[in-house]
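Have a look at the structure, try each task, then read on.

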Amino acid sequence: MSIPATMRALRQLSLDGPTDLRLVPDALVPAPGPGEVLIRVAAAGVNFVDISQSHGVFAGGPQPPYVAGIEAAGEVVALGDGVSGIELGSHVIGVTIMGGAFAEYAVLMAAGAAPLPPGWTAEQALGLIVSWPTALAALKPLGQLEAGQTVLIHAAAGGTGQVAVKLAKHYGATVIAVASADKHEAVKELGADHLLDSRSSELATEVLRLTDGAGVDLVLESVGGATFEASLAATKRITGRVVVFGLAGGQASITNWDLVYKHQIQLIGLNIGILIQAAPHIFGQVMGELFSLIATGVLGPGTPTVRELSDGPQALRDLEARTTVGKLALVPSTPLSS
């Protein structure tokens with residue numbers, strides 16, 4: 001296959017957010033380094049990480065100008081030195097945490113690239129390396145969810161939240177799902193037991209009412225801001241866990257005084273990229289469980305909303321405004337076969 005020298009890509013020009021994301025026709029096609037593969041992108045996933053990076057609040061993130069996007073799936077067209085176990089022409093999905101996915105070609109770390117499940121398109125596999133393992137890691141190895149427990153899931157209509165609801169129900173939990181009222185029907189179809197409005201100022205009170213004052217065993221906290229305080233207040237004392245993996249609503253603070261005298265809970269931070277690096281054995285267990293869930297039909301192909309690459313800036317603005325439901329995918333102007 002002939003690889004061009006340049007490509008269409010979405011380039012972030014400043015740290016002023018998605019408004020400064022621009023489609024360029026002549027970005028250089030990257031070359032894979034040692035341990036890397038180059039893919040011809042068939043679909044790229046839109047994540048809150050992309051928004052955080054565009055505002056410069058993602059710790060250690062890329063500096064502008066850079067090609068945006070961290071998640072891509074497509075056909076392997078070149079191998080870097082030392083790559084084994086991946087063949088040219090195979091179809092994989094992976095992450096490129098320093099950007100590069102919103103383009104016609106992208107470089108991925110070979111060790112973190114996973115094959116597309118048989119029969120799945122690139123669009124259907126989006127989330128397999130970012131959203132899905134984040135949800136599973138938050139529920140199981142970190143959140144220690146057990147059958148019969150109650151879990152509070154924020155942003156339940158989003159890509160990660162939807163998978164979390166499905167998995168929590170599969171593991172026998174009672175699910176209290178939080179989303180804006182206009183998204184409740186979509187979340188209800190996933191099996192949520194109770195639905196709360198994310199715009200409510202009484203979230204903690206409502207959760208305590210649903211749990212007879214005890215609070216939930218586990219919270220999946222991806223919002224931050226004022227919601228973070230509600231999450232802590234709604235968690236069962238001593239044994240309750242709050243797994244934090246996002247800050248879409250802004251930063252929040254908690255002090256050692258709070259943990260001793262106000263919120264006696266277990267607070268756990270999760271960044272899937274750091275999990276891969278610092279605890280690869282745990283990530284391996286998570287991915288093994290995910291593929292088992294796929295093989296047994298618990299999880300099926302994703303159904304993202306697909307947009308053209310040039311519509312990427314608007315897609316990110318929509319995600320930032322929380323007007324979207326489920327996963328968003330960006331594809332080149334002529335969708336590539338996967």
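**Exercise 1.** Work out how helices α3 and α10 are oriented to each other.

*Solution.* α3 and α10 are roughly perpendicular (the word covers angles of 65 to 115 degrees). Step one is the angle: α3 (residues 131-139) and α10 (residues 280-295) pack at about 110°, and their axes lie 10 Å apart. Axes here are lines fitted to C-alpha atoms over the stretch in contact, with angles from 0 to 180 degrees between N-to-C directions. Step two is the contact (heavy atoms within 4.5 Å): α3 brings Trp 132, Pro 133, Leu 136 and Ala 137, while α10 brings residues including Phe 283, Met 287 and Glu 289. Step three sorts the contact residues into 9 nonpolar, no polar and 1 charged.

A quick note on the source: this is a predicted model, where local features need pLDDT of at least 70, side-chain atom pairs count only at pLDDT 80 or more, and totals for chains, interfaces and linings use all residues. Residues are numbered from 1 along each chain as its sequence is written, and side-chain values use heavy atoms, leaving out hydrogens and water.

**Exercise 2.** Decide whether His 184 is buried or exposed, and find what its side chain reaches.

*Solution.* Start with the place: His 184 sits in helix α5 (residues 184-188). Its relative accessible area is 16%, so His 184 is buried (under 20%). Next, its side chain reaches the backbone oxygen of Leu 196 at 3.1 Å. Beyond neighbours within four places in sequence, His 184 also touches Ala 179, Leu 195 and Asp 197, among others.

**Exercise 3.** Find the strands that β6 pairs with (pairing takes at least two DSSP bridges).

*Solution.* First, β5 (residues 71-79) and β6 (residues 91-95) run antiparallel, joined by 5 bridges; Glu 71 has Val 95 as its partner. Then 2 bridges join β6 to β8 (residues 114-115), also antiparallel, with Val 92 partnered by Pro 115.

Methods
Helices (H or I, at least four residues) and strands (E, at least two) are DSSP runs, numbered from the N terminus. Angles under 35 degrees count as roughly parallel, over 145 as roughly antiparallel, 65 to 115 as roughly perpendicular and the rest as oblique. Ala, Val, Leu, Ile, Met, Phe, Trp, Tyr, Cys and Pro count as nonpolar, Asp, Glu, Lys and Arg as charged, and the others, Gly among them, as polar. Buried means under 20% relative accessible area, exposed over 50%, partly exposed in between (1.4 Å probe, protein chains only). A polar contact is a pair of N or O atoms within 3.5 Å; within protein, one must be able to donate a hydrogen and the other to accept it, and residues adjacent in sequence count only if both atoms are side-chain atoms.
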